[in-house]
Amino acid sequence: MSAGTWGLAFAAAAGGIGTIAALVTVGPTRRWLVGILSGLSAAAGGATAILVLVGHGPVTVHLPQILPLAGVELNLDALGAVFVLAVAIVALPASIYGIGYTAHGLNRRSVQAMYPLFIVSLLLVPAAASVSTLLLLWEAMALTSLVLVAAEHRDRSEVREAAWWYGSMSHLSMIAILMALVVFAGHAPGETFEALRMSGRHLSSSTRSFVFVLSLVGFGTKAGVVPLHVWLPRAHPEAPSHVSALMSGAMVNLGIYGVLRVTWDLLGGGPIWWGITVLFVGVTSALFGILHALVARDLKRLLAYSTSENMGLILVAVGAAGIYSSSGNPMLAGVAITAALLHIVNHAAFKGLLFLGAGSVVAATGTRDLDRMGGLLARMPVTGAAFAVGSLAIMALPPFNGFVSEWLLLKSLVQGLPASSVAISVTMPIAVGAVALTGGLAAAAFAKAFGTGFLARPRSPQVEAAAEVGGTMQTGMVSLAVACLGLGLAPFALLDVLRRAGAALPSLWGGEPVRSVGVTLHTGGLTGSLSPLFIGGGLILLVVLIPVVLRLLGVAGRRRVAENWGSGRSLQTARMEYTATSFAEPLQRVFDDVLRPEFDLAVTHTAESRYYVEAVRYRVGIVDGFETHVYRPLIRVAKRWGEMSRWVQNGSIHRYLAYLFVALLIVLLVSQ
Amino acid sequence: MYDAERLGIRLVASPRHADGLMVTGPVTHNMVGPLQKTLEATPGPKIVIAVGDCALDCGAFRDGYGVAGTVADFVPVDVEIPGCPPDPSAIVAALRGLIG
C-alpha cells in the first residue's frame with residue numbers, strides 16, 4: 001500500500017470511528033471525540049491530496065468486496081485532489097470549531113454521528129472512479145448532509161421546510177446525474193471512468209449533448225446555480241453553522257467537480273455551445289446570487305446567496321475555458337481553468353470562515369437578523385476580526401486570497417477579447433461586465449454585513465449582552481483567517497501544483513498558462529504579471545506605516561471625543577443607525593425589476609388630530625422570484641397529480657382486481 | 001443675478017462638510033441646543049455669519065416669548081450682515097470678504 005492509499009484509508013477509518021464514538025459516548029466526551037476524529041479524517045484527506053498534487057501519482061484503490069456486482073473503485077488524481085484539498089481546508093477548522101459549537105444544544109447522537117460520515121463522503125466523492133462508486137458516495141453525501149440540515153427540526157418549522165426543499169432538490173439532481181451517467185455507461189464498454197473516458201469522444205453528438213445537459217442540471221443543482229438554487233438559501237442558513245461552512249465551502253464545489261469531470265474529462269470536451277451555456281449559467285447565478293445577498297437581512301442567508309454567486313463566477317471561468325478550448329486557444333483555456341480551480345480553494349477558505357463567524361454570532365446573540373446586530377466588534381473581537389478578514393477576502397481585496405483568483409478570472413476573460421471568433425467577441429464582453437458588476441455588488445454586500453453587524457452600536461438587548469465564544473471556536477476561525485492571508489500572499493505554492501490538476505483535463509489545458517517566477521505570476525502568452533506578495537506586503541506596510549508617520553509628525557493623537565452628528569437633535573438612539581435594510585435600499589431601488597420587493601408603509605394618526613403621527617410601520621419582504629413563479633406552480637401541479645392518483649388508488653380490493661385483470665389482458669394482447 | 005455658487009460658496013448637507021455656519025434668525029429656546037451642537041460638529045477653523053437684523057438683535061421678534069436671544073449670545077459671531085432684509089449684494093460682498 002502506498003502512502004496515499006494509507007492516507008485515504010486513515011481518513012475513512014477516522015471518520016468511521018468518529019461515528020461509532022458519537023453513538024457510544026455521551027456529553028462533552030462525544031463532542032471532543034467527534035471533533036478530533038473528524039479533524040483527523042480531514043487532515044488525512046488533505047495530506048493525501050497534497051501528496052497527489054506534489055507529484056506522487058494518483059492513489060488507486062480497488063475494493064471488489066464492498067459493493068456487490070461492481071465493487072468500489074477509487075482513483076484520486078490531481079483534479080480530484082484539488083477538490084479534496086478544498087474540502088480539507090474547511091473540514092479541519094470546522095471540526096475543531098464544532099467541538100465548542102455543538103455544546104449549544106447540538107450534541108445529539110443523530111447529529112454527531114452523521115458529521116464524520118459527511119466529511120468522509122465529501123473527501124471520497126472526488127476520488128470515485130466508477131459510475132456506481134460515484135453515485136453511492138454522492139448519495140451518502142446528500143443523505144448525511146440532509147440529516148445535518150434537519151438537526152434543529154424540533155425547534156423551528158423553517159428547518160423542516162428547508163430540509164424538505166433540500167431533500168427534494170438533491171434527489172431531483174440525483175435523478176439527472178443517474179440518467180446522464182447510466183446513458184453514458186450504456187454506450188461505453190464498462191462503467192469505470194477509464195472505460196467512459198476511452199469511449200467519450202466517440203459517442204454520437206446527440207448522446208454527448210444529452211449527457212452534458214443532464215449532468216449540468218444534476219451537478220449544477222448541487223452547486224446551487226440559478227435557477228436550481230432554491231434549496232441553497234434555505235438549507236445553508238438553517239443547518240448548524242459548522243455544517244453550513246462545510247456545505248457552502250466544500251459540498252457545492254463538488255457540483256463544479258462533477259461538471260468538470262464529466263464534461264471536460266470523461267466526454268473530452270465538446271462543441272462551443274457547451275462552453276457558452278456554462279458561461280451564461282454562471283453569469284446568471286453570479287448576478288442573481290449577489291443581488292439577493294445584497295438585500296438579505298439574515299446574515300447566513302446573505303452568505304448562502306453569496307455562495308450561489310461564487311459558484312457562478314467559477315462556472316464563468318469554466319465556461320470561458322470551454323469556449324477557448326473549442327475555438328482552439330488552449331493557453332487561454334488553461335488560464336481560465338487555473339482561475340476556476342484557485343477560486344474553488346479560495347472560496348472554501350473564506351466562505352468557511354464567514355460561516356463559522358456567523359455561527360459564533362448566532363451562538364452569542366441568538367439572532368441571525370442583521371438589523372438587530374451592531375457593535376459586535378467590541379464585544380467579540382476575535383470573531384469580529386476573523387469576519388473582517390473573510391469579508392475582505394470575499395470582496396477580492398489584497399492581501400487576501402479572493403484577489404488573486406478574481407484577477408486571474410478577469411484576466412482570462414479580458415485577454416480573449418481581440419479574438420477572431422464571433423462567439424468569443426460576443427460572450428466575453430458580457431462576461432467581463434457581469435463579473436465586474438458582481439465584484440462591485442459583492443463589496444457592497446459585505447460592507448453591509450460587516451458594517452451593520454459588527455460596527456456601530458448594538459440594536460437589541462441580546463446583542464448588547466453578547467460575549468466572545470470559546471477557545472475551540474476561536475481556533476477554527478483564526479486558522480481559516482490565516483489560510484485566507486497565506487493563500488493571498490503566496491498563491492505560488494498552490495499555482496504550481498494546480499498544473500498537475502490541469503493536466504488531468506487535457507482538453508482545457510495547453511502550454512504553461514500561469515507561471516510563477518519568484519513571487520510574480522505571469523500568464524502564459526498574455527501580457528501582464530502580478531505579484532500578490534508585493535501588493536499585499538506593500539498594503540500591510542502602508543497600513544502600519546501611515547499611523548507611525550502621522551504619530552512622528554505629531555498629527556495623530558490629537559483626538560476629540562464628540563457626539564455623532566444627528567442633525568442637532570437631542571435624543572439619539574441605536575434605532576436611528578443605518579440598518580442592513582436601509583443600507584441596501586438605494587441599490588434595491590436600482591435593481592427593482594429583478595428583485596421585485598414587496599413593501600408596505602402604514603402610517604397611523606393619533607385620535608385627536610391627523611397631523612400627529614402615532615406610528616409608522618414599514619415592512620419590506622423580498623422573495624425569490626424563481627421560487628414563486630417557477631417552483632410553486634410546479635409543486636401545485638405535482639400536488640394535483642398526486643390527488644388524481646388517489647382516485648385511481650382508493651383502497652377498494654375490487655378495483656385492484658379489475659386493474660390486475662385489465663393489465664393481464666393488455667400484456668396478452670401486446671405479446672401476441 | 002447674485003449666484004454665490006459661481007464664487008465657490010456652496011451650501012452643504014452636513015456641518016461636517018462645512019467651513020462656516022450662516023444663521024439667519026433669532027435663537028429660540030428650542031434651537032439653543034441644536035445651534036451649539038451644530039457649531040461643535042463643524043470642523044475647525046470655522047466661522048459663524050449672522051445674517052440680517054433678526055440674527056443680530058432679534059429684530060421684530062425681540063422680547064418674543066419663544067426667543068432666547070441673539071446669535072451672539074450663544075456662539076461667537078465672526079461676520080455680521082445687517083439689514084431687514086439684507087441686500088443680496090451685501091451678503092455676497094460679506095462672503096467674498098471672507099474668502100479673499
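Guide: Happy to. Let's begin with Pro85(B), which sits in the loop between strand E5 (79-81) and helix H4 (88-99) of chain B. Keep in mind that this is a predicted model.

Visitor: What makes the peptide bond joining Cys84(B) and Pro85(B) cis?

Guide: Its omega, which is about -5°. Most peptide bonds are trans. Chain A has a cis bond as well, from Pro398(A) to Pro399(A), with omega near 5°. Pro399(A) belongs to the loop between helix H15 (381-394) and helix H16 (402-415) of chain A.

Visitor: How do you know that chain B is predicted with confidence, and what is its mean pLDDT?

Guide: The mean pLDDT of chain B is 90, and 100% of its residues reach 70 or more. The scale runs from 0 to 100. For the complex, the predictor gives an ipTM of 0.77 and a pTM of 0.89.

Visitor: Why is the pair Arg197(A) and Glu194(A) called a salt bridge?

Guide: The rule asks for a side-chain nitrogen of Lys or Arg within 4 Å of a carboxyl oxygen of Asp or Glu. Here the N to O distance is 3.7 Å, so Arg197(A) and Glu194(A) qualify. Both residues lie in helix H7 (residues 193-200) of chain A, three residues apart, about one turn of the helix. Over all chains, the structure holds 19 salt bridges.

Visitor: What makes chain A and chain B touch, by the contact rule?

Guide: Contact means heavy atoms within 4.5 Å, and eight residues of chain A meet eight residues of chain B in this way. The two chains bury about 660 Å² between them, 47% of it on carbon and sulfur atoms. In chain A, Arg560(A), Trp565(A) and Gly568(A) lose the most area to chain B, together 74% of what that side buries.

Visitor: What makes phi of Asp63(B) worth a look?

Guide: Most residues other than glycine have a negative phi. Phi of Asp63(B) is near 70°, a positive value in a residue other than glycine. Asp63(B) is in the loop between helix H2 (52-57) and strand E4 (67-69) of chain B. Ala456(A) has a positive phi too, near 65°.

Technical notes:
Residues are numbered from 1 along each chain as its sequence is written. Chains are lettered from A and ligands numbered from 1 in the order in which they are written. This is a predicted model: local features need pLDDT of at least 70, side-chain atom pairs count only at pLDDT 80 or more; totals for chains, interfaces and linings use all residues. Side-chain values use heavy atoms; hydrogens and water are left out. Buried area is the accessible area (1.4 Å probe) that two parts lose on being put together, summed over both. Helices (H or I, at least four residues) and strands (E, at least two) are DSSP runs, numbered from the N terminus.
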